[in-house]
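Open the structure in your viewer and keep the selection tool at hand. We will go stop by stop.

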Amino acid sequence: MGQFKTTPVPRVANISKKDFVENFYKPQLPVLITGLTKDWPAFEKWKLSYVQDRAGDQIVPLYNNEPAKDKESVYAPVKEMKLYDYIELLKTKPTDLRIFFYNILKEMPELLKDFEYPDIGLKFFKQLPALFFGGGESKVFMHYDIDLPDSMHFHFDGDKVVNLFSPAQTKYLYRVPFSIHNIESIDMDNPDFDKYPALQYAEGIRAEMKHGDALYMPSGYWHSIRYLNGGFSMTLRALPRKPGRFANMLYNVLIMRNFDNFTRKYWGQKWLDYKEELAIKRTERNVTP
Ligand SMILES: O=C(O)CCC(=O)C(=O)O
C-alpha cells in the first residue's frame, strides 16, 4: 500500500478572465476558485434541504461504490428511490449511494435561476448543467469525462476531496482500453504499489472542496472523488473546440462507447478480464526500463 505523490491544487479567491485564460485554460492546469459563487443566490440557498423541498415525487437512479460486473451495464443503477428519501438519507447517514449526472434543465429547471455561467473564457454548453450527489461513504471511481470537456465543478453543502491526474499521467494509471476509467479495483485513496507498481510514478493534484468552491478541470483530466459527508455538486462543461480533441470526443461517444457496450453484452466478464489484462500489460511496459 502507498500514497500517491500529490501537490495541492492552486487556490485563488477570485481571478480575472484574462488571468484564468493565460494561467490555467491555455496551459490546461486545474485551479480552485473559492469566490466564484459568492454572488449567486445558490451560495445562500443550495443546501440539501433546499433541493429536498423541491424534490416532489421524483424517483432517482442511485449508484454505489461497486464496479459493474459481467454483463451488467455501467449505467444500470443499483437502486431507485424517491429523491426526497434519498436526500433524507444523505442528511442522516454516511451512505455510499450516489446520484450521477442529474440534468438540471430536465429535472429541476427552477434551480437555473440560482446560478450564472461564469464569464471566465470558457464557452459553456448550456444544455447539460448536471448535479451529482453523494454521502459520507461515496467514492467516484477514477475516470475522465467521455466528451472531454473543460469543466467547472462546484460543490455545495459538504466537503469532498478530488484527486486529479493530467492526461500526461495516463501511462502510469492502468487505463482500461475502450473505456474512460482505470482498473476499478484500484483503491485511489490507498493504492497497492506491489500489485500495481506503475502507480508509484504517477503525480497527482489534490483539491479539497468546501461549500461554494469551484474547481476547474481541464479537458481529459482524470478525477476520482471521495465525499467526506453528504453534499452535492454541479458541473458546467465547455465542449472541446480544437479539431483533434473534437474528433476524439466524437470517437469516444459514437464509436468507442457503443463498441464496448456491444462487446460487453456478448462476452460479459471475459471482455472485462481481457481488457484488464491489456491495461496491466500496456501500463507495465511503460515503466519497464
Ligand atoms: O462529483 C461527483 O459525484 C462526480 C462528478 C464528476 O465525475 C464530473 O463532474 O465529471
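Predicted model: local features only at pLDDT ≥ 70, side-chain atom pairs only at ≥ 80, totals over all residues.

**Stop 1**

Now select helix H6, residues 243-267. Helix H6 has 25 residues, and at 1.5 Å a residue they should span 36 Å. Check the ends: the end C-alpha atoms are 34 Å apart, which agrees. Next, click on Asn-252. A kink of about 40° in H6 is centred there, on Asn-252.

**Stop 2: the ligand**

Select Arg-98, Phe-132, Gly-134, Val-140 and Asp-145. How many of the shell residues are nonpolar, polar and charged? By class, three are nonpolar, five are polar and two are charged.

Colour the strands next. Three of them each supply at least two residues of this shell: S7 (130-134), S13 (222-227) and S14 (231-238).

**Stop 3**

Look to its partners. S7 pairs with S14 in the antiparallel sense, over five bridges. Strand S9, residues 150-156, also pairs with S14 in the antiparallel sense, over seven bridges.

Now select Thr-235 in S14. Ala-130 has Thr-235 as its bridge partner. His-153 stands opposite Thr-235 as well.

**Stop 4**

Most residues other than glycine have a negative phi. The next two selections have a positive one.

Select Phe-101, in strand S6 (residues 99-103). Phi of Phe-101 is positive, near 70°. Is Phe-101 buried or exposed? Phe-101 has 12 other C-beta atoms within 10 Å, so this residue is exposed; the cut-off for exposed is 12 or fewer.

Finish at Tyr-174. Tyr-174 is in the loop between strand S10 (160-165) and strand S11 (203-209). Phi of Tyr-174 is positive, near 60°. Tyr-174 has 24 other C-beta atoms within 10 Å, so Tyr-174 is buried; the cut-off for buried is 20 or more.

Technical notes. Residues numbered from 1 in each chain as written. Near = placed C-beta within 6 Å. Helix = DSSP H or I, 4+ residues; strand = E, 2+ residues; numbered from the N terminus. Nonpolar A, V, L, I, M, F, W, Y, C, P; charged D, E, K, R; others polar. Expected span 1.5 Å × (residues − 1). Bend = angle between axes of the 7 residues up to and from the residue. Pairing = 2+ DSSP bridges.
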